[in-house]
Amino acid sequence: MAIESSVVESLVSKLAELLVGPVKKQFRYMFCFNNFVQEFNEQVRSLVFALYDLQVAVDGAKRNAEEIKIDVNTWMEDAKKALALHGLQDAVNVATKNAEEIKIDEWLEDAKNEMEGLENEKGKNGKCFTWCPKWIRQFKLSKGLEKKTETLRKLEEKSKTFQKVSHIVPLQDIKFLPSKEFTPSESSKEAFEHIMKALKDDNVNMIGLYGMGGVGKTTLVKEVGRRAKETQLFDEVLLATVSQNPNVMYMQDRMAESLGLHFDKETTEGRADRLWQRLKTEKKLLVILDDVWKAVNLKEIGIPFGDDHRGCKVLLTTRRRGICSDMECQQKVHLNILSENEAWDLFKINARLRDEDFNLNTVAKKVARECQRLPLALVTVGKALRDKSVVEWEVASKELKNSESQHMELNGEEKNAYACLKLSYDYLKHEKTKLCFLLCCLFPEDYYIPIEDL
């Protein structure tokens, strides 16, 4: 009996111990309503500050053109919904828009008033003992508040796990954005179609576009690159300017920048190896080499080609047809100058000429003819002479006709292109603008000039 009594006492003691916690909690629900309100208010405050801090980080990342992580966006939406659900939409609006106007205490007071409003309805719950409705309502409210507080607490804890809110992604290359500079002509349309057809031909991996300076080769290949990206013909499209004196490291930097690639090597060879490895990961790759003056060693730059990467195609532009042969281009495409009508239409657009201005158009046609139907010359001269008087147009016509280029090795059309550019410079309105132009001329050809340097 003694043993049985001892076991019973032990069981009762254990049962009492197990019941103490839950029973105590039930009593707390009834008699500590204000404590639950306070805990809820404090948790709301903590979550609002967490939301605000994360919003600041997200806004900073967006200004830096970084992509926000999916789980961060999801958390912010969950936090906003949770706060709005509890009547705290104003808190959400201010915490995510204007830090200087944060007045959390006012929102908490509103929440507390809402709870008190519910409490004031205690008399509507029945006619039993006067205390009965009060305790029953406070029990329910306290239990509900505890659940809400726990939900907000878990959300706040989750916000502490985000070490970074975003990640850097390769930016869209502005070189391949739609451009008003591309004005299709019969020659450019034909060249464009030939190039696009060659890009789709598995037997062609080297394409050469040739034509005289100022005819619009660079503008055309940029349009090809844009269309290739738009139609997803290639996984990556890269553009690098070669120029007369090729700078390999500069070309590597431009391509790496488009890929979001960071070099950990200082030497040209080390960078080439790193770029080579990165480009090999792309199944279909188009590399555009602009303004090529002599044969380019692709391996020296880090461009896998031929047997090293069958998915890589190279499109180059050059003034000389012989370069296309030197680079073993399977497809050679010629870009011719504009027709007479096309040249006049392009000139009218850039000079903003109207058909009814007969006297002005008569001299304007003389100026347009001096541009030798070259898009570069037509655009620059046309813009330079916008809104000028007939007398000024006459002066410009004589200057172009009598001008002589110092570059005697150039043919007639190229001499005229230089003369047109010189006229455009002379017609710059402000002396400071001219000085800025001359300052730019001190940098290497095709060099990217940061505005801070100027």
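Author: The discussion below goes from the whole chain to single residues. This is a predicted model, in which local features need pLDDT of at least 70 and side-chain atom pairs count only at pLDDT 80 or more, while totals for chains, interfaces and linings use all residues. Residues are numbered from 1 along each chain as its sequence is written, and side-chain values use heavy atoms, with hydrogens and water left out.

Reader: How many helices and strands does the protein chain have?

Author: Helices (H or I, at least four residues) and strands (E, at least two) are DSSP runs, numbered from the N terminus. The protein chain has 18 helices and seven strands.

Reader: Is S159 buried or exposed?

Author: Buried means under 20% relative accessible area, exposed over 50%, and partly exposed in between (1.4 Å probe, protein chains only). S159 has 12% relative accessibility and therefore counts as buried. Of the 454 residues of the protein chain, 40% are buried.

Reader: Where is S159 found, and which residues is S159 in contact with, leaving aside its neighbours within four places in sequence?

Author: S159 belongs to helix α6, residues 131–159. Contact means heavy atoms within 4.5 Å. With those neighbours left aside, S159 is in contact with A50 and W75.

Reader: Why does L454 count as partly exposed?

Author: L454 counts as partly exposed because its relative accessibility is 35%. L454 lies in the segment after α18 (431–440).
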